[in-house]
Amino acid sequence: MTHNKRTLRILGFIGAGAIALGLAGCSTGTESGEGDLITVGFVAVGPEGGWRDANEQAIQDAFSEEAGFDLKYAPAANPTDQKSQIDAFATFVNDEVDVILLTATEASGWEDSLELAQEAEIPVILLDRGVDASDDLYVTRIAPDNVKVAEEVGNWATSVYPDGASYYVLEGVPGLSVVNERNEGFDAAIAGKDGWDKIGAQTANWTADEGKSVIETVLKENPGLQFIFAQNDEMGIGAAAAVTAAGLTPGTDVKIATIDGTTPALEALAAGQLSFVAQYNPFFGDLAVDAVKKALAGESVDKTIIVPGENFDSAEAGQAALDAGKGF
Ligand code: AHR
């Protein structure tokens, strides 16, 4: 389908939607009018952990047929397999979908794909993860502010360790924008603060098993370790298991802070296994739908759309969050 025909169809969808809105009076803005569904190619990560499950389900729920969309979900072969994502991206361009959503398994290596979509005049919207490419090649990136979230972890850490601490960082999968951004934010918070002794940093690939095994080794060599910044919940929960296995008490001997805010992390916080959990809000399907509709209607969209969240800094806060249904 040529771009002009696709544009006319899309405008017809949005126009019909507007007519439906007018006729129906109180309908929501995303109900489809007459005519085709908006086809959305979702180049996703796939099964990776609690945050990913919540986020990708929220996106699929938001881009429902009832809302006027035909979402084609393309998870990566595994959470670090960029080739399968690039292949899925190319297929969506070839199939002339109306818009592509991309959560990248790798920050680099996307220029050719993004240029292909631009030549086909298919807008691309980044979800969660950024990419190392000109922002002329995509409409927007929708995500919580990783730098700010990690800076808030660091600010909390400096408040509980006013004289500094020996610490270790469990990083996510290497090469990801969010890993670099979380390091940037945490480092900014402790910059200039005395007494902060970085024992080291290593990827635990977002998993509890690797978080546990890394910290088991670290504690053997550094029994006086005081603080662990785990860049996601699963790695932090694994670290807590290692602290306990070493005969130490999480929250007393070693404090652990994590990012995401999944239910298991809030439960671990309530139980004293974790000491701080920064929410990395996965629920931004509505923001994504709004950005898609604006992009397809030729309206301007901010290059960065920040998803707000909150922090949980005590066992009581963890329990209160669970009671309020804030886990996922
Ligand atoms: O990109 C977001 C990160 O990816 C989440 O913090 C982590 O849990 C997921 O694996």
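Helices (H or I, at least four residues) and strands (E, at least two) are DSSP runs numbered from the N terminus. The model is predicted, so local features need pLDDT of at least 70 and side-chain atom pairs count only at pLDDT 80 or more, whereas totals for chains, interfaces and linings use all residues. Residues are numbered from 1 along each chain as its sequence is written, and side-chain values use heavy atoms, with hydrogens and water left out.

**Overall make-up**
- The protein contains eleven helices and twelve strands, and buried residues account for 50% of its 328 residues.
- Of the contacts between residues at least 6 apart in sequence, 76% join residues at least 24 apart.

**Helix 11**
- Within helix 11 (residues 315-323), the buried residues include Ala 317, Gly 318 and Ala 321. These residues lie on the same side of helix 11 because they cover an arc of only 100 degrees around the axis, the arc being that of the directions from the helix axis to the C-beta atoms.
- Exposed residues Glu 316 and Asp 323 are carried on the face of helix 11 turned away from its buried side.

- Leaving out residues up to four places away in sequence, Phe 227 touches residues including Trp 156, Tyr 161, Tyr 168, Phe 186 and Trp 196.

**Ligand surroundings**
- Glu 48, Trp 51, Arg 52, Asp 128, Arg 129, Val 178, Arg 182, Trp 206, Asn 232, Asp 260 and Tyr 280 surround the ligand, where a residue is counted if one of its heavy atoms lies within 4 Å of the molecule.
- Polar side-chain atoms lie 2.8 Å from a ligand oxygen atom in the case of Glu 48 and 2.5 Å from a ligand oxygen atom in the case of Asp 260, while an N or O atom in the side chain of Arg 182 is 2.9 Å from an oxygen atom of the ligand; a polar contact is a pair of N or O atoms within 3.5 Å.

**Two buried strand residues**
- Val 277, in strand 10 (residues 276-279), counts as buried because its relative accessibility is 0%.
- Beyond its neighbours within four places in sequence, Val 277 is in contact with residues including Thr 258, Ala 265, Leu 269 and Phe 312.
- Thr 140, in strand 5 (residues 140-143), is buried, with a relative accessible area of 0%.
- A polar atom of the Thr 140 side chain lies 2.6 Å from the backbone oxygen of Asp 302, and Thr 140 also touches, among others, Val 124, Leu 126 and Ala 291.

How values were computed
Contact means heavy atoms within 4.5 Å. Buried means under 20% relative accessible area, exposed over 50%, partly exposed in between (1.4 Å probe, protein chains only). A polar contact is a pair of N or O atoms within 3.5 Å; within protein, one must be able to donate a hydrogen and the other to accept it, and residues adjacent in sequence count only if both atoms are side-chain atoms.
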